[in-house]
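Me: I would like to request a close look at a single part of the structure shown below. Please then continue from that part to the rest in one connected account.

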Amino acid sequence: MNTVNQKTILIAAPGSGIGNSITSQLIKDNYKVVGIGQENSKKYFEDLISKGSQVKFFECDCTIEEEVENTFKEMKKSIPKIDGMIHLIGGSFYSKAITELKFDEYRKVISVNLDSAFLLGRETLRWMQETDGGNIVLFGSTTGFKPSNKKLPYGVAKAGIHAMTWFFAQEGSKDGVITNTISPGYVMTERHAQDITKKAEKTEKTFEEVLQGINSKNPLKQSLHPNDIYPLVKLLLETQHIQGQIIRVDSGQILG
Ligand SMILES: NC(=O)c1ccc[n+]([C@@H]2O[C@H](COP(=O)([O-])OP(=O)(O)OC[C@H]3O[C@@H](n4cnc5c(N)ncnc54)[C@H](OP(=O)(O)O)[C@@H]3O)[C@@H](O)[C@H]2O)c1
């Protein structure tokens, strides 16, 4: 019989990519999982619940302050405490030269990646301060350390997440709130696999040839699978000693 892990973990954007992989591994490890997010995440959690999983889900546009505040109020009615929060909401959305980039495109990327991290982070910090602390895990990116072509808003947002980590760690320490960030390199999510398929069709190459081109830029000649991220997530959800760190999981990508 599975023993229930008493820890409750709130995961933002569990419905696709890395979030999907982390959620299924949290459930296997018997954490109590609470999801927050939009369309894909809602569908994924409805499916989990229909299969008998004890997860909970709260639909929320996490870029809107009022929605986030109301959603946390709602959560607190049925959940006494969250021990961990994982923020995965993000995306680069555009690949444009700075001179071509519209201001509302720039704002959208900052809003989805950075505003949502601030809003969820702030509500989580407030809650954890009232309930003996907990662990926050944010997601940055190698693009926050080193510019990738035509991704200015994403790089700025992810560098912002890296800086946010230090401030949350500094302010949270007195109440036992630990904050760290994982900054992945290229992770072979379904979305990236679809991009490769499209590129292969366009350039009359095979999927493997396009992938090899991507991997050749990496010192270890590999890209990551979403499941490769979870061991570090688990460590950062449980640690009492790692505080305010930004940890690259990129097979050395930025050294390449
Ligand atoms: N994949 C990579 O190679 C890679 C590399 C470096 C860093 N990262 C970072 O790692 C994290 C996860 O990446 P991923 O590729 O797994 O992401 P993904 O599959 O693109 O998922 C991101 C999710 O963000 C959610 N979202 C967008 N706008 C939102 C909003 N306003 N409110 C609530 N949720 C919203 C959506 O969730 P719903 O499903 O709920 O609609 C979307 O599916 C991101 O922060 C990403 O920047 C990824």
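Which residues does Val-55 touch, not counting residues up to four places away in sequence?

Reply: A word on the model comes before the answer. This is a predicted model, in which local features need pLDDT of at least 70 and side-chain atom pairs count only at pLDDT 80 or more, while totals for chains, interfaces and linings use all residues. Residues are numbered from 1 along each chain as its sequence is written.

Leaving aside residues up to four places away in sequence, Val-55 touches Val-33, Gly-35, Phe-45, Leu-48 and Ile-49. Two residues are in contact if their C-beta atoms, placed from the backbone, lie within 7 Å. Val-55 itself is located in the loop between α2 and β3 (56-59). Such names refer to DSSP runs, numbered from the N terminus: helices are H or I runs of at least four residues, and strands are E runs of at least two. Val-55 is partly exposed, because 19 other C-beta atoms lie within 10 Å. In this scheme a residue is buried if 20 or more other C-beta atoms lie within 10 Å of its own, exposed if 12 or fewer, and partly exposed in between, with C-beta atoms placed from the backbone. Val-55 and Ser-16 are 39 residues apart along the chain, and their C-alpha atoms are separated by 16 Å.

The helix α1 (17-28) comes next. This helix has twelve residues and reaches 17 Å from its first C-alpha to its last, close to the 16 Å expected at 1.5 Å a residue. The expected span of a helix is 1.5 Å times one less than its number of residues. The buried residues of α1 include Gly-17, Ile-18, Gly-19 and Asn-20. They are covered by elements including β1 (8-12), β2 (32-37), α2, β4 (84-87), α6 and α8 (230-238). After α1 comes Asn-30, with a positive phi near 65°.

The helix α1 also takes part in the shell around the ligand: α1 (17-28), α2 (39-50), α4 (103-130) and α6 (190-203) each supply at least two residues of that shell. In total, 28 residues surround the ligand, and the closest are Gly-17, Gly-37, Asn-40, Ser-41 and Gly-90. A residue is counted as near a molecule or strand if its C-beta atom, placed from the backbone, lies within 6 Å of it. The shell divides into ten nonpolar, 15 polar and three charged residues. Ala, Val, Leu, Ile, Met, Phe, Trp, Tyr, Cys and Pro count as nonpolar, Asp, Glu, Lys and Arg as charged, and the others, Gly among them, as polar.

The chain is divided into domain 1 (8-187 + 227-249) and domain 2 (188-223). The contact takes five residues from domain 1 and seven residues from domain 2. On the side of domain 1 that touches domain 2 there are three nonpolar, two polar and no charged residues. The domain bounds come from an automatic or database domain assignment. The C-alpha centres of domain 1 and domain 2 lie 26 Å apart. Each of the two domains gives at least three residues to the shell around the ligand.

Thr-124 counts as buried because it has 24 C-beta neighbours inside 10 Å. Residues up to four places away in sequence aside, Thr-124 touches Ile-82, Met-85 and Ile-136.

Just after α4 comes Asp-132, found in the loop between α4 and β5 (134-139). Asp-132 has a positive phi of about 70° although it is not a glycine. Asp-132 is exposed, because 11 other C-beta atoms lie within 10 Å. Lys-150, in the loop between β5 and α5 (152-172), is likewise not a glycine, yet has a positive phi of about 65°. Lys-150 counts as partly exposed because it has 15 C-beta neighbours inside 10 Å.

Lastly, Lys-174 is placed in the loop between α5 and β6 (177-184). Lys-174 is exposed, because 9 other C-beta atoms lie within 10 Å. Lys-174 and Ile-64 are 110 residues apart in sequence and 28 Å apart in space, C-alpha to C-alpha.
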